[in-house]
Amino acid sequence: MIKTLLSQVKEYKRASILTPFFMLLEVLAETLIVLLMGYIVDYGVKKGDINKILLLGGLMILAAGVSLWTGCLGASYGAKAAMGFGKNLRKGMFINIQNYSFANIDKYSTSGLITRLTTDVTNVQNAYMMILRMCMRAPASLVCAMGASFFINVKLASVYLIAVFILSSILAFIIYKATGYFRDAFLKYDDLNASVEENVSGIRVVKAYVREDFEISKFKKASVNIYNRLIKAENIVIFNSPVMMFTVYACILLISWLGAHIVVSGDLKTGALMSLLAYCMNILMSLMMLSFVFVMVSMSAASAKRIAEVINEKSTIKNPKEPVFVVKNGDIEFKEVFFKYNDKAEKPVLTDINIKIRSGETIGVIGGTGSSKTSFINLISRLYDTCEGEVFVGGKNVKDYDLKVLRDNVSVVLQKNVLFKGAILDNLRWGKKDATLEECMEVCKIACADEFIEKFPKKYETVIEQGGANVSGGQRQRLCIARALLKDPKILILDDSTSAVDTATDANIRKALRDKIKKTTKIIIAQRISSVMDADKIIVFKDGEINGFDTHENLLKNNEIYREVYEAQMSGAGDFDGIGGALNA
Ligand SMILES: Nc1ncnc2c1ncn2[C@@H]1O[C@H](COP(=O)(O)OP(=O)(O)OP(=O)(O)O)[C@@H](O)[C@H]1O
Ligand SMILES: [Mg+2]
């Protein structure tokens, strides 16, 4: 995990090394200042030696200058290194997420990924800054101040040893208690983000079902969970300061009392006693800083682990070593294909699929909900890999193609499709980066999207809101079809992509597809038989198996399920699922 995270430091290595180096210089200068202060009192002020005062004072100013300069440099390099590290972590995760296959994405929740990209990175970034600045500074300051104290007076310096022992035991106890709560609190951020993410993305459904109160209480619960844990942790951490100050003042009192006796006996000079008292603060402050570092590191350990997980996640679908870059045609073949989403699942989602589709054919796919239609088409553009058997496109195994080439040639209008914020033209150009306006208009005509786009005042420059919120369901579907068409694919797959489109427009789209992209293999998943009955062949799915694969006429004659659904739909009674209840049994 540490290796994974450190590999993201990259260009901030120099700043990460310079920070502790400058912090060390700062500590050395600070220690010198205190030592010089004692000397000024003992050898300058007491003896009235103005030259010594000037010389030592000059040195003190120099040391103060060095301390200020190195302190500033250390802080600035520390900030640069930590912020840069955070930036690289976010970038590393984001880039890796882009490479995830659908199977990888299934593993993480959206909110979990958002927490990792935001809160977790902030935690690790802050801990990294603390480590860079304090891990050298605090022990160095402790050792230097302790060394200088022993150099001044061994007996009095021993008091600090005892104080360090007592204070570190108490701090260790406080940290032990607090970190558990902190760690818990940060894990609960997932619930909070899940609640916000789900609510915001589904706000329309929430309103339609008047579920605001339920959503508020869900959010409150997640929020209060975090609050309670943080309060518990903070209630323990607040003891840090009083315990520390108590120890400092106890030490000062003890040193003053013991020191006074030694000064009177003449074994210690007043200036040296002053220096000793100043070191008291340095020593105990260092301990305090170390304890903070410890709290932050253990708090961020869980975050670090979660970030490393995302960075280390290997895509389950990889480009082959020597990929094929040309898809010859739109032939599709499934050979003894079995598929499961989860290795541990008992029953496969697709069972023994054997099918041959010739380039240019129009294939309808029909079946009840959950009968594995989407799972079937997902294997063609290799959104998932088969568990057993192989899928061939253009005569070659899909696993042999370059992924980009395959997905450019197998254009899928996903069932859960989205548009992104931006002009209609920009959204369409996802299909082809450099498409001209004419090309875009051409595909919109095929997808019957031109009729409503022309009615918008800004036409193709109309801005689509996030998730396509300002267009209707049917309009969104038509834009998604147009976008897929722009790729000029060898295979076009429409996964229930006209479900929100009226029957007449649906027929127009199918006619345009048939006339305008003759050579393209078209796979059309639909619930309405009228949407697929004019296809060359129709696949009937039942429970993840192919129940029938034939023309409309033959299926009507030979396929019981198909005939029942057809008759029901033609008489206007019920849909595929209604009749096909048996399909899902
Ligand atoms: N990402 C996934 N992870 C795990 N199981 C899944 C996933 N997607 C679908 N399934 C399961 O696989 C089965 C087939 O689902 P699939 O989406 O292929 O059905 P479908 O025929 O497309 O249904 P619909 O008509 O509702 O779109 C279902 O039992 C479903 O629960
Ligand atoms: Mg589906």
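This report covers the metal site, pocket, cavity, salt bridges and a nonpolar patch of a predicted model.

## Magnesium site

The magnesium ion (ligand 2) is coordinated by two side-chain atoms, OG1 of Thr 374 and OE1 of Gln 415, at 1.9 to 2.2 Å. Thr 374 belongs to helix α11 (residues 373-378), and Gln 415 sits in the loop between β6 (410-413) and β7 (422-423), so the pair ties together parts that are 41 residues apart in sequence.

Thr 374 counts as partly exposed because its relative accessibility is 25%. Gln 415 also falls in the partly exposed class, at 44% relative accessibility.

## Second largest pocket

The volume of the second largest pocket is about 600 Å³. Its lining consists of 17 residues, of which Ser 201, Arg 204, Val 418, Gln 466 and Gly 467 are the closest to the centre. Helices contribute to this lining: α6 and α7 (203-208) each supply at least two residues.

## Largest cavity

A search of the whole structure returns one cavity of 30 Å³ or more. The volume of the largest cavity is about 30 Å³. Its lining is formed by Leu 494, Thr 498, Asp 506, Ile 509, Arg 510, Leu 513 and Ile 524. Helix α17 (residues 503-516) gives the most to this lining, with four residues.

Two of the lining residues, Asp 506 and Arg 510, also take part in a network of salt bridges with Arg 514, Arg 528 and Asp 534.

## Salt bridges

The count of salt bridges comes to 24. One of them joins Lys 207 and Glu 212, with the closest N and O atoms 3.3 Å apart. Lys 207 is partly exposed, with a relative accessible area of 47%, and Glu 212 is partly exposed at 26%.

Another salt bridge is formed by the side chains of Asp 408 and Lys 487, at 3.8 Å from N to O. Asp 408 lies in helix α12 (residues 403-409) and Lys 487 in the loop between α16 (473-485) and β9 (491-495), so this pair ties together parts that are 79 residues apart in sequence. The relative accessible area is 26% for Asp 408, which is therefore partly exposed. Lys 487, with 28%, is partly exposed.

The side chains of Lys 421 and Glu 465 meet in a salt bridge with an N to O distance of 3.1 Å. This pair links distant parts of the chain, 44 residues apart: Lys 421 is in the loop between β6 and β7, and Glu 465 is in the loop between β8 (463-464) and α16. Lys 421 is exposed because its relative accessible area, 58%, is over 50%. Glu 465 has a relative accessible area of 34% and is partly exposed.

The loop between β6 and β7 thus holds both Gln 415, a magnesium ligand, and Lys 421, a salt-bridge partner of Glu 465.

## Nonpolar surface patch

Leu 161, Ile 162, Phe 165, Ile 166 and Ile 170 make a nonpolar surface patch of about 490 Å². Leu 161 lies in helix α6 (residues 154-201), a helix that also supplies at least two residues to the lining of the second largest pocket. At 45% relative accessibility, Leu 161 is classed as partly exposed.

Terms used: Residues numbered from 1 in each chain as written. Chains lettered and ligands numbered in written order. Predicted model: local features only at pLDDT ≥ 70, side-chain atom pairs only at ≥ 80, totals over all residues. Heavy atoms only, no water. Patch = residues over 30% accessible without salt bridge, like charges linked within 9 Å, V, L, I, M, F, W, Y side chains within 5 Å. Areas by Shrake-Rupley, 256 points an atom, 1.4 Å probe, with all protein chains shown as cover. Salt bridge = Lys/Arg side-chain N within 4 Å of Asp/Glu carboxyl O. Buried < 20%, exposed > 50% of the residue type's maximum accessible area, 1.4 Å probe, protein only. Donors = N, O, S within 2.8 Å, 3.2 Å for Na, K, Ca; no water. 1 Å grid on protein atoms, 1.4 Å probe; cavity = no way out; pocket = protein on both sides within 12 Å on 5 of 7 lines; lining within 4 Å. Points joined across faces, edges and corners; volume = space filled by probe spheres on them.
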